Amino acid sequence: MKQYLKNSFDGIWTILVGMKVTFKHLFKPAVTIQYPDVKLPMADRVRNRLYVNMDDCIGCDQCARACPVNCITIDTVKSLPTEDLGKTSNGKKKVLWVTKFDIDIAKCCYCQLCVFPCPTECIYMTDVYEFSEFEREDLNYKFATLTESEIVEKNANFEKMQAEKEAKKAAAAKAKAEELAKKKAEEEAKAKEEPKTDNADNKEQPDKE
Amino acid sequence: MYELLYDIFGSEIIAMIIAACMPLFLFILPFALIAVLLERKVSAHMQDRLGPMRVGYHGILQTIADILKLIQKEDIVADTTDKKLFNMAPVLVFAGSYAVFAAIPFSGAFIGSAADVGIFFIIAVSSIVVAGILMAGWASNNKYSLLGAMRSAAQIISYEIPTALVVLSIVMLTGTLSLNTMSIQQTAYFWNWNLFGGAADGFVQLLLLPFTVVAFVIFYISSLAEVNRTPFDIPEAESELVAGYHTEYSGMKFAMFFLAEYANMFAVSAIAVAIFLGGYQSPLGYLGNTIGVEWLIPYEQLFWFTVKGVGLVLVQIWLRWTLPRLRVDQLMTVCWKYLIPYAFVNLIIIGLISLI
Amino acid sequence: MAIKTEEMVLNMGPQHPSTHGVLRLELELEGEIIKNVKPHIGYLHRCFEKHAEAMTYPQVVPYTDRMDYVASMYNNFGYAVTVEKLLGIEVPERVEYIRVIMGELQRIASHMVALGTYGLDLGAFTPFLYLFIDREKILNLFEMTCGARLLYNYIWVGGVSHDLHPDFLRLTKEFIDYYRPHIAELNELLSYNKIFIERTANVGVMPLDTAINYGMTGPNLRASGLKFDLRKDEPYSIYDRFDFDVPVGEGKMGTVGDCWDRYFVRVLELEQSLKILEQAIEQIPEGDVQSAIPKRIKPPAGTVYGRVEAPRGELGYFIISDGSVNPFRMKVRAPSFVSLSIMGELCKGHLVSDVVAILGSIDIVLGEVDR
């Protein structure tokens with residue numbers, strides 16, 4: 001009976017205590033905001049959309065290798081020795097044309113692992129967080145600054161250079177091969193001569209005898 | 001009201017229909033809209049949120065937008081449902097909760113039906129809701145719906161007993177079943193309310209006071225259970241049964257359940273007001289009487305009735321956003337082991353006192 | 001004539017409001033009474049362990065975030081501790097302190113989610129939001145430090161990714177002072193509420209021997225009355241330097257090891273974590289946080305098992321290294337996965353509503369169950 005009355009009392013009392021708490025909160029200012037109209041300030045180190053400053057990119061591929069989900073694709077082409085690509089802001093010499101620098105932001109997991117290895121600090125995370133698109137393709141960000149024709153040109157340049165190099169190499173190889181062949185031929189000739197002389201000697205010897 | 005309309009239209013049928021529809025269109029539908037908004041706003045502020053803010057100033061048109069959306073929605077009827085019962089259930093639930101309003105005295109001049117057995121009628125007719133809920137649960141052919149409906153039926157039927165016992169004790173006290181008469185008896189000032197012992201003499205009233213308060217608390221708790229509100233919302237406990245008996249409903253049929261729920265909330269509050277809180281009577285006397293403008297009084301009465309009713313609805317909302325919900329067996333324990341014995345003892349004591 | 005009856009099979013989930021993710025429970029019911037419970041898992045399986053074999057050691061860290069996404073920081077912590085054990089490297093003092101601070105903040109945040117969603121399961125919506133308001137403050141602290149709010153990738157092998165923000169310690173101190181009274185408020189609103197007690201006390205009682213047999217760890221085991229906490233019993237990092245208690249279930253409202261005890265042990269742990277935080281903030285030294293990070297992680301061939309006391313219990317990483325830059329095999333002992341196994345045992349004979357109460361009280365995160 002005592003327990004029974006205590007239960008009834010507890011029931012009512014704890015409900016009233018709970019009601020007191022919610023009543024107090026009724027007059028507290030709201031913590032939520034009207035999102036698109038009001039926005040919260042972002043923290044300094046906030047990690048959102050990736051951005052690449054192509055002026056500084058040297059195409060070293062380290063970010064792509066660090067990425068755990070392979071969302072960065074980089075293609076590079078070697079520049080001609082005559083071309084000057086300029087320097088990055090921290091004084092590194094650029095030697096590669098970056099023909100393709102794609103970040104598939106839909107794949108990105110915002111882990112920031114790509115940011116740390118970058119030698120020129122050209123890839124970083126910005127505070128832009130509203131970048132939804134209607135097409136998934138549009139989330140594949142292309143950062144490479146070269147135009148199509150330039151890419152073709154650079155590729156052609158590189159191929160040409162490569163071809164020239166090949167040609168030179170081939171020429172050199174040919175020359176070397178010729179030289180080798182010549183040498184060989186000489187040696188062979190020498191070798192041929194020698195036994196001949198030997199033979200001659202041999203022949204001569206009996207003759208002498 | 002009916003007489004007035006009869007004078008205007010000269011036809012009994014039209015007058016009857018209009019008189020019957022008046023509370024629906026003037027009061028219940030707007031109230032349901034306001035109550036939904038109220039619930040959302042109050043709960044939001046209790047939880048340090050803002051709630052709806054977009055549609056209209058501070059979101060006051062939000063529920064209208066919601067209803068418009070619900071009307072436009074596709075009415076999905078699953079293949080394996082029992083179509084007839086499935087379509088009938090929301091109508092029945094809505095009708096059941098709406099029928100209750102027929103006997104509620106909104107003001108001295110506006111009563112749907114001033115039946116002498118008003119409170120009896122209300123208790124009887126509110127049981128239709130159970131049938132509707134069972135129908136919905138069974139016809140949906142969904143296990144969650146069925147469980148919800150079973151729980152709901154058990155709950156509503158059980159909780160009618162303490163409600164009836166408490167009402168009985170007040171009926172003993174006032175000697176009438178008519179809600180209008182009860183309201184008239186509690187006239188003048190708030191110490192004449194049945195909550196504070198009714199319009200009895202000084203000493204008897206003092207004796208009655210604790211017991212009528214207990215009666216009010218019991219009535220309020222069991223009325224919460226009858227309208228499936230937290231902590232007794234187990235028929236639609238969203239964390240257990242998804243949405244209980246109306247899981248399978250969509251569009252306007254869902255809206256009917258929804259409106260019925262909010263109409264019900266007000267209905268039980270209105271009954272509590274009529275029985276315990278002086279009905280439509282002003283707690284502080286009438287302005288119309290003071291300044292001698294007779295026609296003002298019914299409007300004042302309507303105002304007081306609404307204020308009291310909405311006040312109780314607010315407490316329901318407040319409770320809902322404070323408490324967790326009970327379990328099925330505990331719900332029954334509260335009813336059969338706590339409320340009914342208390343109500344019964346209360347009934348006997350009030351009976352004895354009223355003999356004095 | 002006997003009426004033919006059959007048990008009703010109710011599928012709870014995978015889309016269900018209170019399964020805390022995509023878990024499917026197959027309930028065999030007789031009326032509302034549970035005859036049998038079969039958990040079906042795997043809806044959130046993302047092959048963490050297989051993925052890890054293709055990743056270098058630093059690349060695994062963001063993947064560990066995604067296991068127990070409510071307590072990512074602790075997953076990082078456990079992984080870093082394990083790989084450091086394999087490599088045999090010491091980390092600087094400051095890093096250890098930062099890790100403990102982050103770990104304990106994460107424990108508080110994780111318990112807040114656990115307690116809040118538990119209230120939500122039982123129908124109390126408001127405490128959930130109050131707890132989330134406070135959790136938001138912790139997430140702000142994390143965001144300030146590493147830039148992310150949920151999946152941090154903060155604790156690396158050998159160090160941490162960023163040093164603390166200059167304001168961090170001050171704001172953490174402020175948070176501790178701000179949060180203390182809120183625990184009392186939570187107790188008023190939810191813990192000592194009669195309805196809440198009725199719903200949880202004497203429900204899903206887990207006796208100590210059953211708990212041990214099923215391999216329960218963390219708050220679930222402690223609620224059954226065993227004082228076992230890896231932070232005390234097998235101190236890793238620098239937990240042996242702090243003074244804190246290990247709360248155990250006492251059966252205050254019912255039997256030892258019931259749902260209320262499991263809930264309340266978490267509430268008490270909030271207080272203890274605040275205590276550790278206070279001490280750590282007092283003692284933290286200055287220093288470089290990245291000096292010990294290896295340039296290239298290539299551990300010697302061998303195996304290692306490292307375990308930490310994550311908010312949900314013992315989180316263990318087992319790594320086989322073949323001497324290359326990738327782990328040869330990685331296995332995670334996820335506390336939620338182990339905890340889930342006891343569901344069938346606890347639920348038998350209870351009502352449908354109790355399944356929700358029990359599932360909420362063992363506090364699983366499906367990301368970790370399925371990995």
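**Two interfaces in a predicted model**

Colleague: What makes chain B a chain of two domains?

Modeller: Chain B is divided into domain 1 (1–72) and domain 2 (78–353), where the bounds come from an automatic or database domain assignment. This is a predicted model, in which local features need pLDDT of at least 70 and side-chain atom pairs count only at pLDDT 80 or more, while totals for chains, interfaces and linings use all residues. Residues are numbered from 1 along each chain as its sequence is written, and chains are lettered from A and ligands numbered from 1 in the order in which they are written.

Colleague: How many residues of domain 1 of chain B are in contact with domain 2 of chain B?

Modeller: There are 18 residues of domain 1 of chain B in contact with 18 residues of domain 2 of chain B, a contact being two residues whose C-beta atoms, placed from the backbone, lie within 7 Å. The C-alpha centres of these two domains of chain B lie 19 Å apart.

Colleague: Which element gives the largest share of the side of domain 1 of chain B that touches domain 2 of chain B?

Modeller: That share, 14 residues, comes from α2(B), a helix being a DSSP run (H or I, at least four residues) numbered from the N terminus.

Colleague: Which chain is in contact with 21 residues of chain C?

Modeller: Those 21 residues of chain C are in contact with 19 residues of chain A, and the largest share of this side of chain C, 5 residues, comes from α5(C).

Notes:
Helices (H or I, at least four residues) and strands (E, at least two) are DSSP runs, numbered from the N terminus.
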